[in-house]
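Hi everyone, thanks for coming along. Today I'd like to walk you through one structure, stopping at a few places on the way. Have a look at it with me.

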Amino acid sequence: MELRAEEVLTLAARVLSEERLQHTLFVADHAVNLAKHHGLDQIKARCAGLAHDLAKELPIKDQLDLARRWNLLYCPEDEQSPYVLHGRLAAYWLEHYYKVDDPDILAAIANHTLGRAGMSRLEMLIYSADLTESSRDFPKVDKLRQSLYDDLEKGTLACVEHTLIYLRENNRSIHPLTELTYEDLQRRIKVGT
Ligand SMILES: [Fe+2]
Ligand SMILES: [Fe+2]
């Protein structure tokens, strides 16, 4: 089934707090602007942006239980840091309960928390829009936003790098998928693929 932005918005308004809904709307707007700039599908960008955090506010125990039931745990670190699971959960939920069958949108939702090796441009866009939407306010956020307009791949690499630095500085564990995403983007930019 084709995902319509109005339907996702209705769903988001139903399951998210006011604050999370506001963030969701900012991500969708930012994603659409970036998509327009880079010649990507704006409707897919809006839908993925609106849907990316649909599962974020489920209690963390429920997220873990659902991830187990739906076979969405890929490595031990997923269980150690279950807050990374909500992207995969939202994508699975939409695919299996709302019959959404657009693989680009589903992948962008599923991988917005950690990225993956071989990300599509839409996946990069949602990953990065999540970090740099207009209400985000941290040193260098303007620089990251500009780098995303200059070059989506390099801008996404800068976003992943920012996340890695933040995690290291705060003694937080680093998920192997985030490291893989970083290495893959570095390699792709180097060899131009
Ligand atoms: Fe998220
Ligand atoms: Fe988000």
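Let's begin with a question: how many residues does helix α6 have, and how far does it reach from its first C-alpha to its last? This is a predicted model, so please keep that in mind as we go. In the model, α6 runs over residues 86-97, which makes twelve residues, and it reaches 16 Å from end to end, counting from first C-alpha to last. That is close to the 16 Å expected at 1.5 Å a residue.

Now, why do we say that α6 is largely enclosed by the rest of the structure? Because nine of its twelve residues are buried. You can find them by name: H86, G87, R88, L89, A90, A91, Y92, W93 and L94. What do they pack against? Their partners are α3, α4 (60-69) and α7 (103-110).

Next stop, helix α2. This one covers residues 18-38, so to speak of its size: 21 residues, with 30 Å between the first C-alpha and the last. Here too the reach is close to expectation, which is 30 Å at 1.5 Å a residue. Its buried residues are H23, T24, V27, A28, H30, A31, V32, L34 and A35. They pack against four helices that you can pick out on the screen: α1 (5-15), α3 (42-51), α8 (121-132) and α9 (141-150). After α2 comes G39, and its phi is positive, near 70 degrees.

Let's zoom in on single residues. A158 sits in helix α10, residues 152-169. Is A158 buried or exposed? It is buried, because 22 other C-beta atoms lie within 10 Å, and the cut-off for buried is 20 or more. Setting aside neighbours within four places in sequence, A158 is in contact with L144 and S147. As for V191, it is 33 residues away from A158 along the chain, and their C-alpha atoms are separated by 17 Å.

Finally, Q186, which belongs to helix α11, residues 176-191. Q186 has 13 C-beta neighbours inside 10 Å, so it counts as partly exposed.

Conventions. Residues are numbered from 1 along each chain as its sequence is written. Chains are lettered from A and ligands numbered from 1 in the order in which they are written. This is a predicted model: local features need pLDDT of at least 70, side-chain atom pairs count only at pLDDT 80 or more; totals for chains, interfaces and linings use all residues. Helices (H or I, at least four residues) and strands (E, at least two) are DSSP runs, numbered from the N terminus. The expected span of a helix is 1.5 Å times one less than its number of residues. Two residues are in contact if their C-beta atoms, placed from the backbone, lie within 7 Å.
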